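Visitor: I would like to learn how to read a model like this one. Please start with confidence.

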Amino acid sequence: MTNFTRSVLWSISSLALAVFLVWSVSPQPVVALVVVPNRVTQAVDLGETFNKKIRITNETTTDQSYTLSLQPFEFGLRGELLLNQGSTAAVSWLSLDQTQVSVVPGQTAEVSLTVIVPADAQSGGYAAAVVVSPATGSTEVVTSTQIMLNVKGGLQQAAKFSVFSVDDTVYTPGQQIQFQVEFENTGNANLTPIGQIDLYRGEDWIGDIPLNPKKQLVLAGATRNFDVTWNSTLGFGKYTAQATVNAENDLQAESQPVSFWILSWERVIPVVVALITFLIAASVLLRHPAKQN
């Protein structure tokens, strides 16, 4: 191989490497799509019809095409969306005026959703989703609008805390306390439980921690876990916590109280040592009383 050939090959390799590096560090198109609203919660009558506009905004730098489909869904224990699961009853109540849209960069397309509740529907909570997916055939779901309906006529709202506990019984000041909260919707209506965990030191109320501040919904007959963490900034003592939730129509649910201690070992250990020393000294004095003159 001549020096000239080596030089040409080296130049081509260097150019290819430079092109690759420029491509790898340059901004790549982002598949970003915003669908509004992300959820619709509504109480409806038998035979009621209503319409909603679903707005789809393309936030990428290229033209995008998306398909819209109707699917049943339910929530997992942590609130994750599980598509194509749960009751399919409400899917047939929904219809779209378009099942595919093309949106240019920075623009918004509107799709009309019509909901028709059958006159003979059973009272209770229902759920269905408008799912937006790439029209390229990818199975990846971009986003969805969750439709959650309470059909009037015989709604029964009931709930309970099936689990309310802490992960330990003794903590140090400043240590995070993790509450395990499992809320069970035992009625036939979708509920939005909003409440708090009340904290007591002895008989004194000292504050509360919000429970479900994002107003996440629990479907009829479903169970949901809420993660609640408290930084134990208060000092030494025994504490009691109790969870309370309110929902529509003054429905209330209360958990059983749980108790735990917050102890500062820097203060406890000297007290324990002093107490042990006192007990030893008292025992010695009782066994060997001082002689009287």
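Guide: pLDDT is the predictor's confidence in each residue, from 0 to 100. Here the protein averages 84, and 78% of the residues score at least 70. This is a predicted model, in which local features need pLDDT of at least 70, side-chain atom pairs count only at pLDDT 80 or more, and totals for chains, interfaces and linings use all residues. Residues are numbered from 1 along each chain as its sequence is written, and side-chain values use heavy atoms, with hydrogens and water left out.

Visitor: Where in the protein is confidence lowest, and where is it highest?

Guide: Helices (H or I, at least four residues) and strands (E, at least two) are DSSP runs, numbered from the N terminus. Helix α1 (residues 3–25) has the lowest confidence, a mean of 49, and strand β7 (residues 94–96) the highest, 98. Over residues 17–30, pLDDT stays under 50. Where pLDDT is low, the predicted coordinates should not be read in detail.

Visitor: Is Serine 112 buried or exposed?

Guide: Buried means under 20% relative accessible area, exposed over 50%, partly exposed in between (1.4 Å probe, protein chains only). Serine 112 is buried because its relative accessible area is 15%. The residue lies in strand β9 (residues 108–116).

Visitor: Which residues does Serine 112 touch?

Guide: Contact means heavy atoms within 4.5 Å. Leaving out residues up to four places away in sequence, Serine 112 touches Asn51, Lys52, Lys53, Ser95, Leu96 and Asp97.
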